[in-house]
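Student: I would like to go through this model with you before I set up any calculations. Could we begin with its sheets?

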Protein chains: 4
Amino acid sequence: MTERVVLAYSGGLDTSVAIGWIAEETSAEVVAVAVDVGQGGEGLGGAAGVPHSTRGAQHAPSRHRPKAQVARLRGPSSGTPRARTGHREHRTGLPRHPLVIRKRALACGAVEAEVADARDEFADGYCLPAIKANALYMDRYPLVSALSRPAIVKHLVAAARKHGATIVAHGCTGKGNDQVRFEAGIVALAPDLRCVVPVRDYAMTRDKAIAFCEARRLPIATTKKSPYSIDQNVFGRAVETGFLEDIWNAPTEDIYEYTRNPAIPREADEVVITFEAGAPVALDGRPVTVLQAIKQLNERAGAQGIGRIDMVEDRLVGIKSREVYEAPGAIALITAHQELENVTVERELARYKRQVEQRWGELVYDGQWFSPLKRALDGFIDEANGHVTGDIRMTLHGGRAVVTGRRSQSSLYDFDLATYDTGDTFDQAAAKGFIDLYSLSSKIAARRDLA
Amino acid sequence: MTERVVLAYSGGLDTSVAIGWIAEETSAEVVAVAVDVGQGGEGLGGAAGVPHSTRGAQHAPSRHRPKAQVARLRGPSSGTPRARTGHREHRTGLPRHPLVIRKRALACGAVEAEVADARDEFADGYCLPAIKANALYMDRYPLVSALSRPAIVKHLVAAARKHGATIVAHGCTGKGNDQVRFEAGIVALAPDLRCVVPVRDYAMTRDKAIAFCEARRLPIATTKKSPYSIDQNVFGRAVETGFLEDIWNAPTEDIYEYTRNPAIPREADEVVITFEAGAPVALDGRPVTVLQAIKQLNERAGAQGIGRIDMVEDRLVGIKSREVYEAPGAIALITAHQELENVTVERELARYKRQVEQRWGELVYDGQWFSPLKRALDGFIDEANGHVTGDIRMTLHGGRAVVTGRRSQSSLYDFDLATYDTGDTFDQAAAKGFIDLYSLSSKIAARRDLA
Amino acid sequence: MTERVVLAYSGGLDTSVAIGWIAEETSAEVVAVAVDVGQGGEGLGGAAGVPHSTRGAQHAPSRHRPKAQVARLRGPSSGTPRARTGHREHRTGLPRHPLVIRKRALACGAVEAEVADARDEFADGYCLPAIKANALYMDRYPLVSALSRPAIVKHLVAAARKHGATIVAHGCTGKGNDQVRFEAGIVALAPDLRCVVPVRDYAMTRDKAIAFCEARRLPIATTKKSPYSIDQNVFGRAVETGFLEDIWNAPTEDIYEYTRNPAIPREADEVVITFEAGAPVALDGRPVTVLQAIKQLNERAGAQGIGRIDMVEDRLVGIKSREVYEAPGAIALITAHQELENVTVERELARYKRQVEQRWGELVYDGQWFSPLKRALDGFIDEANGHVTGDIRMTLHGGRAVVTGRRSQSSLYDFDLATYDTGDTFDQAAAKGFIDLYSLSSKIAARRDLA
Amino acid sequence: MTERVVLAYSGGLDTSVAIGWIAEETSAEVVAVAVDVGQGGEGLGGAAGVPHSTRGAQHAPSRHRPKAQVARLRGPSSGTPRARTGHREHRTGLPRHPLVIRKRALACGAVEAEVADARDEFADGYCLPAIKANALYMDRYPLVSALSRPAIVKHLVAAARKHGATIVAHGCTGKGNDQVRFEAGIVALAPDLRCVVPVRDYAMTRDKAIAFCEARRLPIATTKKSPYSIDQNVFGRAVETGFLEDIWNAPTEDIYEYTRNPAIPREADEVVITFEAGAPVALDGRPVTVLQAIKQLNERAGAQGIGRIDMVEDRLVGIKSREVYEAPGAIALITAHQELENVTVERELARYKRQVEQRWGELVYDGQWFSPLKRALDGFIDEANGHVTGDIRMTLHGGRAVVTGRRSQSSLYDFDLATYDTGDTFDQAAAKGFIDLYSLSSKIAARRDLA
C-alpha cells in the first residue's frame with residue numbers, strides 16, 4: 001500500500017508545488033489540508049470576510065456565552081487580493097473560496113484535498129487562552145503565528161488519521177520558529193507520525209519551485225516574488241521584508257493592513273468590553289463570540305491605528321530577528337483583560353500569575369502548546385480567571401487603547417477601604433504593627449550589616 | 001539631654017504643624033529636613049526649574065558620562081504654584097526657595113532645619129537602577145513615589161546621626177505604601193532609630209492640624225483643602241482625588257501637569273537616546289546626566305502626552321487603590337531601554353531578567369529598597385546591563401513613544417544569520433536534529449498520555 | 001443576646017483557663033471546640049492509638065482508594081502521657097477521651113463543648129496535598145503544624161456558624177507563626193468573624209493562668225512547666241525547649257518520641273509504596289487510606305530513626321528560630337513521591353513544579369492555606385500529579401529512607417532510548433543539529449563578549 | 001599548512017584510538033590534551049593520591065584562605081587500578097603518571113601532548129560556585145560531571161589557541177549530556193572553533209575502535225569491556241551499568257568506590273567546617289584549600305557511607321536515565337553550607353536564592369556554564385554569600401551528614417527575639433496589626449468568593 005503524506009496546504013505557490021515535490025521525493029500520495037484560521041486577513045474596509053463552506057464547521061463556538069447571537073459573515077468578499085507570499089516561511093494566504101483551494105490542490109496532484117474553517121475553533125481554543133494569560137512574548141508580541149500553528153496541527157493530525165497517512169509535511173523553512181511549532185505539535189499529538197519539510201529537507205528553493213511549477217504547467221501564477229513575507233490570521237499579522245532587516249530602518253506605512261496610521265487625526269472611538277471568567281462576551285452590551293470580539297475590535301481598534309508592534313525578537317532557533325506585527329483586536333482585548341484582572345484578582349495571585357504568564361508565553365512561542373507544562377499552567381490560569389468578570393470601558397484613539405473605567409460585581413476594589421474621605425473603614429492603627437514585623441527580618445540583617 | 005526627632009519636612013501645612021505637634025507629644029526637639037527630589041514639579045512650559053541652594057550638592061552626578069556638561073538650571077522659576085496638598089499622605093511640594101523652607105521650619109518651632117538638593121543623587125542612585133530594571137510595577141507604574149522614599153530616607157538618617165536624633169518622623173498616613181517605605185528604609189539603615197507618625201500615631205487629622213496652625217498662628221496659609229492629593233518628583237507625578245475613587249470615572253484633563261493632552265494633533269518629535277551600560281548618556285548626540293535625560297524627556301515626551309497611566313493597583317497594605325500617574329521621561333527611557341536590551345541581551349538572560357525585574361519592582365514598591373534581596377538583584381541587573389550600549393531612535397507623538405530604530409556595537413542581531421536573502425549563514429540542516437531532541441521529552445510524554 | 005466566642009480547645013491548662021479568661025474579658029459565652037488531628041501523638045510502641053468517639057467522623061476518608069479497607073484503631077491506648085505543655089504556643093495535646101475533654105471544658109465554664117475527630121480529614125485534605133507538592137519548607141520541614149491549622153480553622157468556623165458566634169479565639173502566643181495561620185485562615189473563611197487571643201491580647205501569661213486556675217479551682221492539674229514545648233499531629237511533631245535555643249547545642253535523644261535513635265544498629269525494613277495520581281494507596285500491596293499510610297509509615301520509618309530535622313528556620317513574623325521536628329511518615333512518603341515524579345513527570349513540567357512547590361510551601365507555612373494563590377497552585381499541582389502512579393520500593397534504615405526501585409505503567413523512562421546496549425533507538429545524529437542551535441544564542445553572545 | 005585538532009585525551013582506549021581516527025577522517029594533526037580534575041578517583045584507603053607533574057600547576061589555589069597551608073599529596077599512589085572504561089561516554093580515567101599519558105598519546109600519533117593538573121582550579125573555580133549555589137540538580141545530584149566539563153573546556157580552548165588548532169574533539173557519545181557541555185562550552189569560549197566527535201560523527205564504535213587499535217598495534221590494552229561506565233573527579237563519581245538500566249533493580253555494593261556501606265555499624269565521626277563568604281576554609285580548625293576540604297571530606301564522609309545518590313534523571317537531550325552517584329564531600333559541604341545560610345541569610349533573600357539555585361543547577365547541568373545568564377546568576381549568588389561565614393558542626397555517620405551546631409559572627413539568629421524565656425525583646429503587640437494587614441487582601445477576596 002502506498003504511504004500517504006498530509007500536507008499543510010495554503011493554496012499558494014510553495015505548497016502547491018510541494019504536493020508534487022513531496023510525491024517525487026517520498027513516492028507517497030499527498031493529501032492537501034487547508035485550515036482556515038483567518039489567513040484571508042482582517043484588513044479594514046470590509047476585506048475581512050472570507051467565504052467559507054460549512055464543511056469545517058464542526059466546532060461549536062461561543063461556549064462562553066451560549067446566548068450570544070452568532071452573526072457570521074459568509075457572503076463573497078470584495079477584499080482586494082494582497083501581497084502575501086514571501087520567503088520568510090514560504091506561506092501564502094488561502095485563496096478566497098474553499099472550492100478553489102480544493103480544486104487547485106487536486107490539480108497539483110493531491111489525491112485528496114480538505115478545507116476546514118477553523119476560525120471559531122481558533123478563537124475559542126487558542127486566542128482565548130492567550131487573552132486569559134495576557135500573553136505577550138517579550139512583553140510585546142501577542143503570539144499571533146505561534147497560536148495558529150497548534151490549531152492547524154490538530155487538523156493535520158486528524159486528517160492523517162482519517163486518511164491513513166504516516167507523514168505530515170509543512171511549507172516552513174529551516175530557520176524560523178514555525179517549523180518547530182508544527183513538528184513539536186505533531187509529535188505531541190501523534191508521536192508515531194514523521195515530518196518532512198520540502199524547503200528544509202528536500203532543498204525546494206523558491207527558484208526551483210517556480211521552475212517545477214512551470215515545467216509541470218501547474219495552474220499557479222508564478223509571479224515575481226513579493227517583497228513582503230506575511231503571516232496573518234484573525235488574531236494579527238506579521239510582516240517581514242528586506243529593508244526591515246536593517247534594524248535602524250523604520251517601518252513604512254505601506255506594510256500595514258490591519259491598522260490605519262495612528263498619527264492621522266480622527267475621532268476617538270469608545271468601547272465597553274464585557275468579560276465573563278476572562279472571556280470577552282459582549283461589546284457595548286451586544287453579545288459576541290470570541291471570534292466576533294476579535295474581529296470587531298480588529299476593525300475598530302485597527303481603524304485607530306492600535307496594535308502595531310516593531311521589535312527585535314529572540315527566536316527559538318537561537319537568533320534575533322526584526323519583526324513587525326499588527327494585532328489591533330488582540331492588544332485591545334489583552335489591555336482590557338489586564339485591567340479587569342487588576343480589579344478582580346487578589347494581589348499575591350496576581351503577582352504569581354505574571355510569572356506564569358511569562359512562562360506560558362515562552363512555551364507557546366517555543367512551540368510547546370501541547371506540552372504537559374503548558375497544560376498545567378492552563379490549570380493555574382483558568383483558576384485565576386474565575387472571577388475576571390465585568391466591564392472595561394476603553395477609548396480607542398491615536399494608536400492607543402486606554403482604559404477609562406472598570407465595573408465589576410467581582411471587584412476587590414473596596415471604596416470604603418480605599419477612600420480618603422471621612423468614614424473610611426481602614427484601621428490605620430494596624431499599620432504600625434504591620435510595618436514592625438514586616439520589616440523585622442531586614443532590620444535584623446541591617447544590624448549585622450552595619451556593624 | 002533632650003531627645004531629638006528628625007522630621008521629613010516638606011514646607012507644607014501638615015509637616016509644618018507636625019513640628020509642634022511632635023514636640024508636644026514627645027517633649028523632644030524637632031529637626032526639620034527637606035530633601036528635594038523634584039517635588040517642585042516637572043510641569044511643561046518652563047516651570048520645571050526650582051531654585052536650589054548649593055548646600056546639598058555633595059553628590060557628584062553623571063558618573064556614567066563624566067564628559068557630560070551639567071547645565072543645571074538654578075535661577076528663580078516662574079512656575080505657577082500648583083495644588084499639591086491633599087490628604088492622601090498629607091504631603092505637599094516644597095516651597096520654591098530653600099531659604100524660605102528653612103525659615104518656615106524654624107518659625108514653626110524646629111530647632112534646626114536643613115534643605116538638601118538631592119535631585120542628581122535621586123536620578124543617578126534611584127531612577128537609573130529603575131531604568132536598568134525596566135521597573136514597571138504591575139507592568140505599568142514606574143515606581144515614581146516608591147523610588148523617592150529611600151532617597152529621602154538616606155538624608156533623614158544622615159541628619160539623625162548628625163544631630164544626635166533617636167527618632168525619625170514623617171507625614172504619611174497609616175493606609176498608604178509610603179509609611180512602609182519610610183519606616184522599612186529607616187530601620188534598614190539605622191535599626192536603632194524609632195519612627196513616629198503624627199497622622200497615624202498621634203491622631204493629627206487635617207482639621208486638627210488647621211486648628212493647631214491657627215491657634216499657634218503658624219506662618220502657613222490654611223487654605224481649603226485642595227481636591228487633589230499629589231506626589232511628584234523628577235521621575236513622575238501621582239494624583240489622587242475624590243472622583244477618581246469611583247473607578248468607573250475617567251480622569252479629567254485638568255489633573256495632568258507633566259503631560260499635554262495626547263489627543264490634540266501636533267507635530268511629532270523624534271529623539272535618539274544613547275545608552276552606555278544601561279544608562280542614558282546622550283540625547284540626540286548631546287551628552288546628558290541622568291537627571292538631564294529625565295528632565296529633557298519629561299519636557300519633550302510630556303509635550304506629546306506620553307506617560308499617562310490610569311490603573312487599579314495593589315497596595316502593600318492589602319487594599320486596591322485607583323492611581324493616576326504621569327511619567328513622560330520615565331516611560332520614554334524605559335521603552336527605549338527595553339528595546340536596546342532586546343538587541344543586546346542574550347535570550348536566556350533576557351528571559352530570566354524579566355522575572356528579576358518583576359521581583360525588583362515589587363520589592364521597591366513594597367519599601368524594600370535597602371533589603372538584602374534588593375541588593376542581590378541589583379548585582380544581577382548590573383551584570384545584565386553590561387552590554388546595553390547603543391542608540392535608540394524614537395518617535396514621540398500622540399501619547400506614544402515608539403521605537404523606530406536601534407544601533408549598537410554590542411548588538412546580538414546578526415544580519416547574516418537573520419536575513420532571508422541569499423547568502424545567509426544559518427545552517428538549516430541543523431534544525432531537524434534540534435527539533436527532534438528539543439521535542440523528545442514531550443513526545444515521550446505524549447506516547448504515554450495518548451495510550 | 002449574649003455574644004459567643006468559639007475557642008480552639010485542647011483540654012490543657014492554657015485553653016482551659018482561657019475559657020473563663022475570655023468570658024471575663026469579653027462578657028461573651030465561650031464554646032469550646034477540640035479538633036483532633038492527632039495531637040495525641042504517633043509515638044512508637046503502640047502509643048499512637050487515641051480513643052475517639054464517632055461524633056466527629058463526618059468525613060469520609062480514602063476517597064483516593066475507595067476499595068481500601070479502613071481499619072481504624074479505636075481501642076483504649078496504653079500510651080504514656082507525655083510532656084506536651086510548654087510555652088511556645090501554650091498548646092497541649094488532647095486528653096485521651098472525647099468525653100473527658102467535653103466534660104472538662106464544661107467544668108471550666110464553656111456553654112458548649114465539641115470534639116471532632118478530624119484525622120482522616122486532615123490526612124486527605126491537608127497532608128495529601130502536601131505530599132503531592134513535595135512540600136518541604138526551606139527544603140527540610142514538611143509543614144507539620146502549618147498543615148494542621150487550616151484543618152482546625154475549618155471546624156472552628158463551622159462551629160461559629162452553628163453556635164452563632166462572632167468571635168474566634170485560640171491559645172497561641174504573639175510571636176509564632178501559628179497565630180497568623182489561625183487568623184489568616186479564619187478571615188479567609190469567615191471575613192466577618194473577629195479573633196481574640198488571650199495570651200497576646202489579654203496578657204494571659206502562664207503564671208497568671210496558673211493563678212486563675214487555682215483561684216477558680218478549675219479541674220486541671222497545674223503542674224510545673226514542662227521544659228518542652230511540643231506540637232504534634234499525625235504528620236509529625238515539633239519540639240522546642242530552652243537548651244535548643246542555643247543553636248550550637250545538639251538535640252538530645254530524650255526529646256524524640258516519633259523516632260528511635262537512628263545510630264543504633266538494627267535490621268533494615270523494606271517497604272513498597274503504591275501511589276495513584278500522587279496519593280499513597282497501598283503499602284506492600286495492602287490498600288491503605290492516606291491516614292493509614294502516614295500512621296503505618298510513622299511507625300515503620302520512625303522505628304528506623306527516619307525523619308528527624310534540626311534547623312534554623314525563618315518565621316513569618318520576621319525572626320529566625322531553632323526548630324527540631326520528627327516526621328517519619330511524611331519524609332518517607334515525600335521521598336517516595338519525589339522519585340515517582342522523577343519517573344513519571346515530563347522534564348519541563350518537573351522543573352517548573354519545583355518552583356511551584358517552593359511557593360506552595362511558603363504560602364502554607366505563612367498561613368495562606370485558603371488564599372486565592374494557594375488554590376490556583378493546587379490546580380497546577382493536581383494536574384502535574386495526574387500520572388504519578390506506580391510503585392516505589394524503599395529501604396528504611398539508619399535514619400534514611402532510600403529508594404531502591406521504581407515501577408510504573410505511567411513511566412516516561414524508556415529503556416530502549418536510555419540503554420547503552422546495542423539496539424537502542426536513540427538517534428545520535430540528531431544531537432549535532434540540536435547542539436548547534438541550542439548553543440547558538442550564547443555563541444553569538446560570545447562572539448561579541450570576546451571581541 | 002595542515003589543520004590541527006585538539007583532542008580531549010584521557011589515556012584510555014577510546015581517545016587513544018581517536019587520535020588516529022580523527023587524523024584519518026580530517027587529515028589534520030591531532031594535539032592530545034589531558035586535563036586532570038581528579039579522574040584518578042577519590043577512593044577510600046589511600047587510593048586518592050594521583051601523582052602529578054608540576055607542569056599544570058599554574059593555578060594558584062586557596063585564594064579564599066590565603067593563610068591556609070596547602071599540603072598536596074604528590075607521592076606515588078598505591079591505588080588499585082579500577083574499572084573505569086565503559087560505553088556511557090567512552091571515557092576512561094587518566095593513567096597514573098603524566099609522563100605515561102604524554103608518551104602514550106605521542107605513540108598513538110599525536111603531534112603534541114599536554115597534561116594539566118587542574119584539580120585546584122577545578123575545586124576553586126567550579127566546585128566552590130556549586131557549593132555557594134547549594135547546587136543539586138533535581139534536588140539530588142551535585143553536578144559532578146557537569147562541573148568538570150567547563151573546567152576541561154577551558155584548557156582545550158587554551159591549547160587550541162596555543163597550537164593553532166581550528167577544531168576541538170572529544171570522546172563523548174551522541175546521547176548524553178556531556179557532548180552538549182563540551183560543545184556549548186567551546187563555542188562560548190571560542191565561537192570560531194569547530195567540534196568533531198568520533199563516536200557520534202565518524203561512527204567510531206567500540207568494536208571498530210578495538211579493531212583499529214589492534215590493526216595499528218597501538219600500545220593500549222584492548223581488554224574486554226568493563227560492565228561499568230564511570231565518570232569521576234574530585235567532586236564525585238557517576239556509575240552506569242547494564243543492570244541499573246532496569247530501574248526496579250537496586251544498586252549492588254560493588255559499584256561504589258568513594259563510599260563505604262552506610263549500613264555497617266561503625267563509630268560516628270564529627271567535623272566542624274568553617275566557611276568564609278560561602279567557601280570552606282577550615283576543617284576542625286585546620287586551614288584547608290577548597291580542594292583539600294573536598295578531598296578530606298570525601299575520605300571522612302565516604303568512610304561513613306555519605307553521599308550515595310540513586311535517581312532517575314532528566315537529561316538535556318530529552319530522555320530519562322537512571323544514574324547512581326557518590327559524592328561524599330560534596331554532599332557534606334553543601335549540607336553544611338545550606339544550614340549556615342539558614343543562620344546568616346535574610347529570609348526574602350534566602351527564598352529567592354532557592355529559585356536562583358534551581359536555575360543555576362539546571363543551567364550548569366545543561367552545559368551553559370559560560371552563558372551570560374550563568375554569569376549574572378553568579379553575581380546574585382556571590383552577593384548572597386557575602387555573610388555566609390561561621391562554623392557548622394556535623395555528625396558524619398550511617399550515610400547521613402547531620403548538622404548539630406551552628407556558630408557565626410554573622411548570625412541573624414537573635415536569641416533575645418527568639419527565646420521563650422522571660423526577658424525576650426519581641427513585641428507581641430505588633431502581631432495583631434501585622435496579621436490584620438497581612439491577611440487583608442485575601443480577606444477581601446474571601447468576602448467576594450463566599451458571597
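**Sheets, helices and interfaces**

Tutor: In this predicted model, chain A has an open sheet of five strands, ordered β10-β9-β8-β13-β14, with antiparallel pairing.

Student: Which strands stand at the edges of that sheet?

Tutor: The edge strands are β10 (286–287) and β14 (400–407) of chain A. Each has a single partner strand, so one side of each is left without a neighbour in the sheet.

Student: How many bridges join β9 to β10 in chain A?

Tutor: Strand β9 (residues 279–283) of chain A is joined to β10(A) by two bridges, and the two strands run antiparallel. Opposite Leu283(A) stands Arg286(A), a residue of β10(A).

Student: Now to chain B. In what sense do β2 and β3 pair there, parallel or antiparallel?

Tutor: The pairing of strand β2 (residues 29–36) of chain B with β3(B) is parallel and extends over six bridges. Ala32(B) has Ala113(B) in β3(B) as its bridge partner.

Student: And how many residues of β3(B) are buried?

Tutor: Five of the six residues in strand β3 (residues 112–117) of chain B are buried, which leaves the strand mostly covered.

Student: What is the overall make-up of chain A?

Tutor: Chain A contains 14 helices and 14 strands. Of its 451 residues, 64% are buried. When contacts in chain A between residues at least 6 apart in sequence are considered, 77% join residues at least 24 apart.

Student: Which domain does UniProt list for residues 228–444 of chain A?

Tutor: The UniProt entry, which is unreviewed, lists "domain: Arginosuccinate synthase C-terminal" for residues 228–444 of chain A. Over that range the chain is 38% helix and 26% strand, with the end C-alpha atoms 61 Å apart.

Student: Next, the interfaces. How many residues of chain D are in contact with chain C?

Tutor: There are 79 residues of chain D in contact with 79 residues of chain C. The side of chain D that touches chain C comprises 35 nonpolar, 22 polar and 22 charged residues.

Student: And what of chains B and C?

Tutor: Here 22 residues of chain B are in contact with 22 residues of chain C. On the chain B side, α13(B) provides the largest share, nine residues. By class, that side of chain B has nine nonpolar, five polar and eight charged residues.

Student: Finally, what confidence does the predictor report?

Tutor: For the complex, the predictor gives an ipTM of 0.90 and a pTM of 0.91. Chain A has a mean pLDDT of 88, and 87% of its residues reach 70 or more. Residues 46–58 of chain A, however, have pLDDT below 50. Residues 61–93 of chain A also stay under 50, although the model has 87 contacts for them beyond four places in sequence.

Student: Why does that matter for reading the coordinates?

Tutor: Where pLDDT is low, the predicted coordinates should not be read in detail.

Conventions. Residues numbered from 1 in each chain as written. Chains lettered and ligands numbered in written order. Predicted model: local features only at pLDDT ≥ 70, side-chain atom pairs only at ≥ 80, totals over all residues. UniProt positions renumbered as here; feature names shortened; annotations may be inferred. Helix = DSSP H or I, 4+ residues; strand = E, 2+ residues; numbered from the N terminus. Contact = placed C-beta atoms within 7 Å. Nonpolar A, V, L, I, M, F, W, Y, C, P; charged D, E, K, R; others polar. pLDDT = per-residue confidence, 0-100. Buried ≥ 20, exposed ≤ 12 C-beta atoms within 10 Å, placed from the backbone. Pairing = 2+ DSSP bridges.
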